[in-house]
Amino acid sequence: FFFLMIRRPPRSTQSRSSAASDVYKRQGRRLSAEESLQYGLLNYVEENYEKAYNKSIELSEAILKKGPIAIRQAKQAVNASLETDLKTGLNRERELYARVIDTEDRIEGLKAFVEKRKPTYKGN
């Protein structure tokens with residue numbers, strides 16, 4: 001099996017990963033791909049390399065359509081959530097979101113939504 005792992009923000013990571021950790025600690029075994037998917041540690045499981053590769057390209061293309069500033073901040077929030085407790089992770093998420101509020105890209109995204117068109121992000 002090939003796995004595609006998308007790390008999640010603090011709200012969903014903490015409880016699911018601790019449940020999986022309990023299985024590992026108590027039973028002394030590794031989780032299968034299906035169990036990892038069930039616990040939310042993986043978002044997708046594909047049976048062969050080609051399917052996994054195609055899914056990763058599909059996900060990458062979807063992410064690239066989003067605003068680059070928001071993507072950077074979201075990535076930082078997810079990474080921070082893996083290194084801290086829930087409260088600290090949520091505070092960090094708020095701080096990072098505050099950086100996006102005054103950007104031209106955010107305004108463009110809101111305008112595009114109201115006008116029912118695709119946004120044109122510039123990274124500003």
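These notebook entries record what I looked up in a predicted model of one protein.

**Entry 1. Ground rules.** I number residues from 1 along each chain as its sequence is written.

**Entry 2. Overall layout.** I began with the elements, taken as DSSP runs numbered from the N terminus (helices are H or I, at least four residues; strands are E, at least two). The protein has six helices and two strands, in the order β-α-α-β-α-α-α-α from the N terminus. Of its 124 residues, 23% are buried (buried is under 20% relative accessible area, exposed over 50%, partly exposed in between; 1.4 Å probe, protein chains only). Among contacts (heavy atoms within 4.5 Å) with a separation of 6 or more, 58% join residues 24 or more positions apart.

**Entry 3. Confidence.** I then checked pLDDT, the predictor's confidence in each residue, from 0 to 100. The mean for the protein is 79, and 77% of residues reach 70 or more. Strand β1 (residues 2-4) has the lowest confidence, with a mean of 51, and helix α6 (residues 104-114) the highest, at 93. Over residues 7-14 the pLDDT is below 50, although this stretch has 25 contacts in the model beyond near neighbours in sequence.

**Entry 4. Helix α3.** The 16 residues of α3 (residues 49-64) should span 22 Å at 1.5 Å a residue, and the end C-alpha atoms are 22 Å apart, which agrees (the expected span is 1.5 Å times one less than the number of residues). I found A52, K55 and L59 buried in α3. They cover an arc of only 65 degrees around the axis, which puts them on the same side of α3 (the arc is that of the directions from the helix axis to the C-beta atoms). Y49, E50 and L64 are exposed on the other side. At the start of α3, a side-chain oxygen of N48 comes within 3.1 Å of the backbone nitrogen of E50.

**Entry 5. Helix α4.** Helix α4 (residues 68-81) has 14 residues and reaches 20 Å from first to last C-alpha, close to the 20 Å expected. Its buried residues are I69, Q73, A77, V78, A80 and S81. Seen down the axis, they fall within an arc of 165 degrees, so they line one face of α4. I71, also in α4, is partly exposed at 28% relative accessible area. Leaving aside neighbours within four places in sequence, I71 is in contact with I63 and K66.

Entry 6. I placed E108 in α6 and count it as buried, at 16% relative accessibility. A polar atom of the E108 side chain lies 2.9 Å from the backbone nitrogen of T120. Not counting residues up to four places away in sequence, E108 touches R117, K118, P119 and T120. K116 lies in the segment after α6 and is exposed, with a relative accessible area of 77%. Most residues other than glycine have a negative phi. K116 is not a glycine, yet its phi is positive, at about 55 degrees.

Conventions. This is a predicted model: local features need pLDDT of at least 70, side-chain atom pairs count only at pLDDT 80 or more; totals for chains, interfaces and linings use all residues. Side-chain values use heavy atoms; hydrogens and water are left out. A polar contact is a pair of N or O atoms within 3.5 Å; within protein, one must be able to donate a hydrogen and the other to accept it, and residues adjacent in sequence count only if both atoms are side-chain atoms.
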